[in-house]
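Me: I would like to learn how to read the pockets and a helix of a model such as this one. Could we take them in turn?

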Amino acid sequence: MASLTLVIGNRNYSSWSMRPWFALKAAGIPFEDVVIPLFEEGYKARIAAHSPSARVPCLIHGEIVVWESLAILEYLAETFPEAELWPTDPKARAHARAAASEMHGGFQPLRAALPMNLRTRVPGQGQTPEVLADVERIEAIWAGCKAASGQDGPFLFGDRPNAVDAMYAPIITRFRTYATPLNPDSQAYVEAILATPALTEWDKLAKEEPWVIDLYEAGPTKG
(Lines give C-alpha, C1' and ligand atoms only; values in the text may rest on other atoms or scores of the structure.)
Protein backbone atom coordinates (compact mmCIF):
# COMPACT_ATOMS: atom_id res chain seq x y z
CA MET A 1 0.00 0.00 0.00
CA ALA A 2 1.21 3.50 -0.81
CA SER A 3 2.46 5.62 2.08
CA LEU A 4 0.43 8.47 3.52
CA THR A 5 1.56 12.09 3.52
CA LEU A 6 -0.35 14.80 5.39
CA VAL A 7 0.35 18.39 4.39
CA ILE A 8 -0.33 20.75 7.30
CA GLY A 9 0.14 24.34 8.41
CA ASN A 10 1.69 25.70 11.59
CA ARG A 11 0.89 23.40 14.47
CA ASN A 12 0.52 26.33 16.83
CA TYR A 13 -2.35 27.88 14.88
CA SER A 14 -3.82 25.47 12.31
CA SER A 15 -6.80 23.81 13.96
CA TRP A 16 -7.90 22.12 10.74
CA SER A 17 -4.45 20.58 10.33
CA MET A 18 -4.58 19.19 13.85
CA ARG A 19 -7.75 17.17 13.29
CA PRO A 20 -6.56 14.52 10.81
CA TRP A 21 -3.05 14.52 12.31
CA PHE A 22 -4.50 13.73 15.74
CA ALA A 23 -6.69 10.98 14.27
CA LEU A 24 -3.77 9.36 12.44
CA LYS A 25 -1.57 9.41 15.53
CA ALA A 26 -4.30 8.23 17.89
CA ALA A 27 -5.14 5.35 15.54
CA GLY A 28 -1.51 4.35 15.09
CA ILE A 29 -1.63 4.74 11.30
CA PRO A 30 1.87 5.40 9.87
CA PHE A 31 2.27 8.63 7.91
CA GLU A 32 4.65 11.46 7.15
CA ASP A 33 3.81 15.13 7.48
CA VAL A 34 4.89 18.18 5.54
CA VAL A 35 4.63 21.51 7.37
CA ILE A 36 4.09 24.63 5.25
CA PRO A 37 4.17 27.78 7.42
CA LEU A 38 1.09 29.90 6.77
CA PHE A 39 1.35 33.53 5.64
CA GLU A 40 5.04 33.16 4.76
CA GLU A 41 6.06 34.45 1.33
CA GLY A 42 4.93 32.01 -1.36
CA TYR A 43 3.00 29.78 1.03
CA LYS A 44 -0.11 29.61 -1.18
CA ALA A 45 1.89 28.32 -4.12
CA ARG A 46 3.65 25.78 -1.92
CA ILE A 47 0.34 24.45 -0.63
CA ALA A 48 -1.18 24.49 -4.12
CA ALA A 49 1.58 22.15 -5.27
CA HIS A 50 -0.11 19.52 -3.07
CA SER A 51 -3.72 20.63 -2.62
CA PRO A 52 -6.21 21.72 -5.31
CA SER A 53 -7.85 24.09 -2.82
CA ALA A 54 -4.47 25.66 -1.89
CA ARG A 55 -5.45 25.08 1.73
CA VAL A 56 -4.29 22.77 4.49
CA PRO A 57 -4.66 20.04 5.46
CA CYS A 58 -4.29 17.76 2.48
CA LEU A 59 -3.81 13.99 2.55
CA ILE A 60 -1.87 12.31 -0.24
CA HIS A 61 -2.14 8.53 -0.60
CA GLY A 62 -0.52 7.41 -3.81
CA GLU A 63 -2.61 8.95 -6.60
CA ILE A 64 -5.42 9.85 -4.19
CA VAL A 65 -5.59 13.43 -2.86
CA VAL A 66 -8.07 14.44 -0.14
CA TRP A 67 -8.01 18.15 0.70
CA GLU A 68 -10.52 18.73 3.50
CA SER A 69 -10.35 17.72 7.17
CA LEU A 70 -13.61 15.86 7.62
CA ALA A 71 -13.25 14.20 4.22
CA ILE A 72 -9.78 13.03 5.28
CA LEU A 73 -11.25 11.46 8.41
CA GLU A 74 -13.89 9.69 6.34
CA TYR A 75 -11.26 8.45 3.89
CA LEU A 76 -9.09 7.14 6.73
CA ALA A 77 -12.07 5.37 8.29
CA GLU A 78 -12.80 3.65 4.97
CA THR A 79 -9.18 2.76 4.24
CA PHE A 80 -8.28 1.60 7.75
CA PRO A 81 -11.48 0.06 9.17
CA GLU A 82 -9.47 -1.71 11.87
CA ALA A 83 -8.72 1.72 13.37
CA GLU A 84 -12.43 2.14 14.23
CA LEU A 85 -12.38 5.89 13.69
CA TRP A 86 -16.19 5.76 13.82
CA PRO A 87 -18.19 3.66 16.32
CA THR A 88 -19.12 0.20 15.04
CA ASP A 89 -22.72 0.43 16.28
CA PRO A 90 -24.86 2.09 13.53
CA LYS A 91 -26.85 4.28 15.93
CA ALA A 92 -23.74 5.47 17.76
CA ARG A 93 -21.96 5.98 14.43
CA ALA A 94 -24.76 8.19 13.14
CA HIS A 95 -24.65 10.23 16.34
CA ALA A 96 -20.85 10.56 16.07
CA ARG A 97 -21.04 11.75 12.48
CA ALA A 98 -23.64 14.39 13.37
CA ALA A 99 -21.49 15.63 16.26
CA ALA A 100 -18.44 15.82 14.00
CA SER A 101 -20.36 17.65 11.28
CA GLU A 102 -21.76 20.20 13.74
CA MET A 103 -18.21 20.97 14.83
CA HIS A 104 -17.15 21.22 11.21
CA GLY A 105 -19.75 23.80 10.28
CA GLY A 106 -20.57 25.66 13.48
CA PHE A 107 -19.39 27.69 16.44
CA GLN A 108 -18.26 30.74 14.51
CA PRO A 109 -18.39 33.14 17.50
CA LEU A 110 -16.07 30.87 19.49
CA ARG A 111 -13.66 30.42 16.59
CA ALA A 112 -13.49 34.15 15.93
CA ALA A 113 -13.06 35.21 19.56
CA LEU A 114 -10.74 32.40 20.69
CA PRO A 115 -8.17 31.71 17.96
CA MET A 116 -6.12 28.57 18.44
CA ASN A 117 -2.72 29.34 19.90
CA LEU A 118 -1.01 26.62 21.90
CA ARG A 119 1.84 28.81 23.12
CA THR A 120 -0.42 31.43 24.69
CA ARG A 121 -2.37 31.55 27.97
CA VAL A 122 -4.98 34.31 28.18
CA PRO A 123 -7.43 33.33 30.95
CA GLY A 124 -10.88 34.78 30.58
CA GLN A 125 -10.37 36.45 27.21
CA GLY A 126 -13.25 36.40 24.76
CA GLN A 127 -15.92 35.05 27.12
CA THR A 128 -18.79 36.87 25.41
CA PRO A 129 -22.39 35.67 25.73
CA GLU A 130 -22.18 34.30 22.17
CA VAL A 131 -19.00 32.37 22.95
CA LEU A 132 -20.41 31.01 26.19
CA ALA A 133 -23.51 29.86 24.28
CA ASP A 134 -21.20 27.95 21.94
CA VAL A 135 -19.42 26.43 24.93
CA GLU A 136 -22.72 25.34 26.43
CA ARG A 137 -23.71 23.66 23.16
CA ILE A 138 -20.34 21.89 22.90
CA GLU A 139 -20.72 20.56 26.43
CA ALA A 140 -24.18 19.27 25.51
CA ILE A 141 -22.75 17.55 22.42
CA TRP A 142 -20.07 15.87 24.51
CA ALA A 143 -22.63 14.66 27.04
CA GLY A 144 -24.82 13.38 24.21
CA CYS A 145 -21.92 11.45 22.69
CA LYS A 146 -21.10 9.87 26.02
CA ALA A 147 -24.72 8.78 26.40
CA ALA A 148 -24.94 7.52 22.81
CA SER A 149 -21.74 5.49 23.14
CA GLY A 150 -23.18 3.25 25.86
CA GLN A 151 -19.61 2.77 27.09
CA ASP A 152 -17.46 3.88 29.95
CA GLY A 153 -14.17 5.48 29.14
CA PRO A 154 -12.50 8.88 29.12
CA PHE A 155 -13.30 9.70 25.48
CA LEU A 156 -16.55 10.47 23.72
CA PHE A 157 -17.12 6.91 22.54
CA GLY A 158 -15.19 4.77 24.97
CA ASP A 159 -11.58 3.93 25.73
CA ARG A 160 -9.98 5.13 22.48
CA PRO A 161 -10.05 8.53 20.77
CA ASN A 162 -11.82 8.42 17.42
CA ALA A 163 -12.78 10.83 14.63
CA VAL A 164 -15.15 12.84 16.83
CA ASP A 165 -12.46 13.40 19.43
CA ALA A 166 -10.16 14.52 16.61
CA MET A 167 -12.73 17.08 15.47
CA TYR A 168 -12.99 18.58 18.96
CA ALA A 169 -9.28 18.42 19.88
CA PRO A 170 -8.51 21.98 18.68
CA ILE A 171 -11.46 23.33 20.66
CA ILE A 172 -10.05 21.61 23.72
CA THR A 173 -6.75 23.45 23.28
CA ARG A 174 -8.68 26.70 23.08
CA PHE A 175 -10.44 25.93 26.35
CA ARG A 176 -7.01 25.48 27.93
CA THR A 177 -5.58 28.65 26.35
CA TYR A 178 -8.45 30.84 27.54
CA ALA A 179 -9.24 28.96 30.79
CA THR A 180 -12.83 28.59 29.67
CA PRO A 181 -15.12 27.53 32.56
CA LEU A 182 -16.50 24.02 32.06
CA ASN A 183 -18.59 21.58 34.05
CA PRO A 184 -16.69 18.75 35.81
CA ASP A 185 -17.51 16.08 33.22
CA SER A 186 -16.37 18.32 30.38
CA GLN A 187 -13.20 19.29 32.23
CA ALA A 188 -12.38 15.62 32.79
CA TYR A 189 -12.77 14.98 29.07
CA VAL A 190 -10.57 17.97 28.23
CA GLU A 191 -7.86 16.66 30.52
CA ALA A 192 -8.10 13.18 28.97
CA ILE A 193 -7.57 14.55 25.46
CA LEU A 194 -4.72 16.83 26.57
CA ALA A 195 -3.00 13.80 28.13
CA THR A 196 -3.13 11.64 24.99
CA PRO A 197 0.23 10.90 23.33
CA ALA A 198 -1.10 12.44 20.10
CA LEU A 199 -2.00 15.79 21.65
CA THR A 200 1.12 15.81 23.82
CA GLU A 201 3.33 15.35 20.74
CA TRP A 202 1.50 18.00 18.69
CA ASP A 203 1.73 20.40 21.65
CA LYS A 204 5.49 19.87 21.97
CA LEU A 205 6.11 20.36 18.26
CA ALA A 206 3.91 23.48 18.19
CA LYS A 207 5.89 25.08 20.99
CA GLU A 208 9.15 24.39 19.15
CA GLU A 209 8.02 26.16 15.96
CA PRO A 210 9.85 29.43 15.22
CA TRP A 211 7.01 31.08 13.28
CA VAL A 212 4.72 33.76 14.71
CA ILE A 213 1.50 34.92 13.02
CA ASP A 214 0.55 38.27 14.55
CA LEU A 215 -3.08 37.87 13.45
CA TYR A 216 -3.50 34.97 15.86
CA GLU A 217 -1.48 36.40 18.74
CA ALA A 218 -3.96 37.83 21.22
CA GLY A 219 -3.78 39.08 24.76
CA PRO A 220 -0.99 40.41 26.94
CA THR A 221 0.08 37.18 28.64
CA LYS A 222 2.22 34.74 26.65
CA GLY A 223 3.94 31.55 27.69
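Me: Since this is a predicted model, let us begin with the second largest pocket: how do the residues of its lining divide into nonpolar, polar and charged?

Reply: A lining is read by sorting its residues by class, with Gly counted among the polar ones. In the second largest pocket, the lining comprises 6 nonpolar, 5 polar and 4 charged residues. The space in this pocket comes to about 210 Å³, and of its 15 lining residues those nearest the centre are Glu84, Pro87, Thr88, Gln151 and Phe157.

Me: What volume does the largest pocket have, and which residues are the closest to its centre?

Reply: The volume of the largest pocket is about 650 Å³. Its lining is made up of 24 residues, with Ser14, Ser15, Trp16, Val56 and Tyr216 the closest to the centre, while helices H1 (15-27), H2 (43-48) and H5 (108-113) are the elements that each give two or more residues to that lining. By class, the lining holds 13 nonpolar, 5 polar and 6 charged residues.

Me: Why is H1 described as largely enclosed by the rest of the structure?

Reply: A residue is called buried when its relative accessible area is under 20%. H1 is largely enclosed because 10 of its 13 residues are buried, including Arg19, Pro20, Trp21 and Phe22.

Me: How does the reach of H1 from its first C-alpha to its last stand against the expected value, and what follows the helix?

Reply: H1 reaches 19 Å, close to the 18 Å expected at 1.5 Å a residue. After H1 comes Gly28, which has a positive phi near 70 degrees.

Notes:
Residues numbered from 1 in each chain as written. Predicted model: local features only at pLDDT ≥ 70, side-chain atom pairs only at ≥ 80, totals over all residues. Heavy atoms only, no water. 1 Å grid on protein atoms, 1.4 Å probe; cavity = no way out; pocket = protein on both sides within 12 Å on 5 of 7 lines; lining within 4 Å. Points joined across faces, edges and corners; volume = space filled by probe spheres on them. Helix = DSSP H or I, 4+ residues; strand = E, 2+ residues; numbered from the N terminus. Expected span 1.5 Å × (residues − 1). Buried < 20%, exposed > 50% of the residue type's maximum accessible area, 1.4 Å probe, protein only.
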